[in-house]
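This briefing is meant for someone meeting the structure for the first time.

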Amino acid sequence: MKKGLLIILSGPSGVGKGTVREELFKDESLNLAYSISMTTRKPRPAEREGIDYFFVEESEFEDKINKGELLEYAKFVGNYYGTPQFYVEQLLSEGKNVVLEIEVQGALQVMAKRPEALTIFLVPPSFEELERRIRGRRTEAEEVVRERLNKASKEIATKDEYKYVVVNDDVLIAKEKIAQIILENI
């Protein structure tokens with residue numbers, strides 16, 4: 001069986017990574033599998049072990065860091081989040097094309113370890129549109145919105161580190177462009 005392709009889908013907060021990923025997964029010809037992350041935070045009421053996350057204690061997570069068992073990791077708000085290498089390798093060996101929908105910091109870590117990965121950076125049609133999308137959520141305080149926009153500006157500056165850059169002006173068009181990139185690289 002042919003080994004699958006490791007695919008990194010990245011971009012700033014508010015660009016629509018999750019929405020585009022959902023559309024990609026509707027296309028069975030792409031043979032996609034989603035990588036489940038590992039975290040030290042406690043499960044939320046509806047979350048399930050091995051489906052939403054792999055939930056572990058901080059000591060176990062740090063042990064995996066020390067043993068090099070994570071493709072990437074970061075600590076946010078006192079909790080670790082990362083991509084377990086064993087799970088990704090299992091899916092790839094089954095011939096699945098594994099999608100990592102991750103932030104730029106994690107994507108750069110994976111690129112350093114796995115230069116063969118197919119890397120796709122999703123950008124908004126303009127920074128103004130990104131700001132409109134983030135503000136349109138109406139879920140965060142102004143200070144948080146400004147932090148997200150500042151971070152997004154820095155993340156967009158890394159787009160040249162990726163093999164492909166796709167503009168998300170229309171979700172279905174962005175999905176089609178990414179699907180074509182994946183098919184060309186399988």
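Helices here are DSSP runs of type H or I with at least four residues, and they are numbered from the N terminus. The model is predicted, and the points below should be read with that in mind. With helices numbered in this way, α3 is followed by G95, a residue whose phi is positive, near 85 degrees.

**Helix α3 and its buried face**

- Helix α3 covers residues 85-93, and its buried residues are Y87, V88, L91 and L92.
- Viewed down the axis of α3, these buried residues fall within an arc of 130 degrees, so they line one face of the helix.
- In an α-helix there are 3.6 residues a turn, so residues three or four places apart point the same way.
- The strands against which the buried residues of α3 pack are β1 (6-10), β2 (32-34), β4 (54-55), β5 (70-76), β6 (79-84) and β7 (97-101).
- Helix α3 also lies across β3, β4, β5 and β6, and the angle at which it runs to β6 is about 25 degrees.

**The four-stranded sheet**

- Four strands form an open sheet in the order β4-β3-β6-β5, and their pairing is mixed; β4 and β5 are the edge strands, each of which pairs on one side only.
- Strand β3, which spans residues 38-39, is joined to β6 by two bridges, and these strands run antiparallel.
- Strands β5 and β6 likewise run antiparallel, and they are joined by six bridges.
- G82 in β6 has M38 standing opposite, and Y73 also stands opposite G82.
- The hairpin of β5 and β6 has two residues between the strands, and within this hairpin V77 takes a positive phi near 45 degrees.

**Aromatic rings and the charges over them**

- By the rule that ring centres lie within 6.5 Å, the count comes to nine aromatic pairs.
- One of them is the edge-to-face pair of F25 and Y34, with 6.3 Å centre to centre and 85 degrees between the planes.
- F25 has a relative accessible area of 29% and is partly exposed, and Y34, at 33% relative accessibility, also counts as partly exposed.
- The pair of F61 and Y80 is stacked, with 4.8 Å centre to centre and 10 degrees between the planes.
- F61 lies in helix α2 (residues 58-66) and Y80 in strand β6, so this pair ties together parts that are 19 residues apart in sequence.
- Both F61 and Y80 are buried, whereas F25 is partly exposed.
- Y53, F55 and Y81 are linked by ring pairs into a cluster.

**R135 in helix α5**

- R135 is found in helix α5, which covers residues 127-136, and with a relative accessible area of 31% R135 is partly exposed.
- When residues up to four places away in sequence are not counted, R135 touches E142, V145 and L149.
- R135 and L91 are 44 residues apart along the chain, and their C-alpha atoms are separated by 37 Å; L91 is one of the buried residues of α3.

Technical notes
Residues numbered from 1 in each chain as written. Predicted model: local features only at pLDDT ≥ 70, side-chain atom pairs only at ≥ 80, totals over all residues. Heavy atoms only, no water. Buried < 20%, exposed > 50% of the residue type's maximum accessible area, 1.4 Å probe, protein only. Arc of directions from axis to C-beta. Contact = heavy atoms within 4.5 Å. Phe/Tyr/Trp six-rings, centres within 6.5 Å; stacked < 30°, edge-to-face > 60°. Pairing = 2+ DSSP bridges. Axes fitted to C-alpha atoms, helices over the stretch in contact; angles between N-to-C directions.
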